[in-house]
Amino acid sequence: MKKRYDVIALGELLVDFTENGVSGQGNPLLEANPGGAPCNVLAMLQKLGKHTAFVGKVGKDMFGKQLREAAEGAGICMDFLLEDEYVHTTLAFVKTFPNGDRDFSFYRDPGADMMLRADELPVAALQDTRIFHFGTLSMTHHEPMLATRKALNLARDAGALISFDPNLRPPLWHSLEQAREQIDWGLRNCDILKIADNELEFMTGETDFDKGAAKLRAQYPNIRLLNVTAGAEGSYSFYEDSRVFVPSFKLGGTIETTGAGDTFCASVLNFVLENGLDRLKERQLREMLRFANAAAYLVTTKKGAIRSMPEKAEVLEILAHH
């Protein structure tokens, strides 16, 4: 059945302030990069020629305006982005370590993305998408959690596949037990899962990827395609009886890892849009992971995410030569 959108994502849209040198007085200079995992995913899907839309809320302020313009510039349909007159756009301050890893400080208590309500959802649009994608930052508080669950049910009842990336950010939860409960709900309601190594350990207690994935697959048989990202080591895909590992591309030039997981996730969703989820071969899964790893590597060589997504030709160039 033909759908208007390939992917609709719901969740946070925020400004990532990342370090960019120091001033003449020795103070750190911060660059205001548009970000937020769901929109990062959509930005990469747009680069791959897909039609996407975002559902969420920003403040009616300069940062909200910047985010709308950046997302529209990336080609994402922002018709369903709402503006809150009283609550400011969420901000994240990102500390980058020498190896590219990050630490986050959030200004979000409250932030506009937490203000989305279930009665504000674009019902017709959510019923007109092939894939619905979400994470857990829209589930840290009661009202946006209700909105997320309603949006998922609207999309799924209309035949959409459900994609989930936990994207665990411990500082944003009242307790880790609350985070675990909401991630559990996401795991019970998705067809496609992208989960990072630390999140796999958080949910299963396993540091061994195979054991952790086996636990998840036994507990959540609804998950048809389970992908585990292992940072600089590479990624794993578990599908039916297949288990595939592809190492990452270590070609140097990494600046920071912001958006790498989202780029990987988008590449996987692009693969599913083009190949479906039925009778996939190990060869196809390996090709999927190679493309996703290459795309994720490329985004680490730039600052930010939404405006840093690689072109498809750049990814193919990496694959052709390495």
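Let's start with helix 9, residues 282-299: its 18 residues reach 26 Å from first C-alpha to last, close to the 26 Å expected at 1.5 Å a residue. Keep in mind that this is a predicted model. Helix 9 is also mostly covered, with 13 of its 18 residues buried.

Helix 1, residues 37-47, is mostly covered too: ten of its eleven residues are buried. Among the buried ones are Cys 39, Asn 40, Met 44 and Gln 46. After helix 1 comes Gly 49, which has a positive phi, near 85 degrees.

| Helix | Residues | Buried |
|---|---|---|
| Helix 9 | 282-299 | 13 of 18 residues |
| Helix 1 | 37-47 | ten of eleven residues |

Now for the second largest pocket, which holds about 230 Å³ of space. Helix 8 (260-275), helix 9 and helix 10 (312-321) are the elements that each give two or more residues to its lining. Included in that lining are Ser 267, Phe 271, Gln 284, Met 288, Arg 290, Lys 312 and Leu 319. Sorted by class, the lining comes out as four nonpolar, four polar and four charged residues.

Last, a look at helix 7, residues 209-219, where Ala 214 sits. Is Ala 214 buried or partly exposed? Its relative accessibility is 45%, so Ala 214 counts as partly exposed, since that class runs between the 20% and 50% cut-offs. Ala 214 is 24 residues from Phe 238 in sequence, and their C-alpha atoms are 9.0 Å apart in space.

Technical notes:
Residues numbered from 1 in each chain as written. Predicted model: local features only at pLDDT ≥ 70, side-chain atom pairs only at ≥ 80, totals over all residues. Heavy atoms only, no water. Helix = DSSP H or I, 4+ residues; strand = E, 2+ residues; numbered from the N terminus. Expected span 1.5 Å × (residues − 1). Buried < 20%, exposed > 50% of the residue type's maximum accessible area, 1.4 Å probe, protein only. 1 Å grid on protein atoms, 1.4 Å probe; cavity = no way out; pocket = protein on both sides within 12 Å on 5 of 7 lines; lining within 4 Å. Points joined across faces, edges and corners; volume = space filled by probe spheres on them. Nonpolar A, V, L, I, M, F, W, Y, C, P; charged D, E, K, R; others polar.
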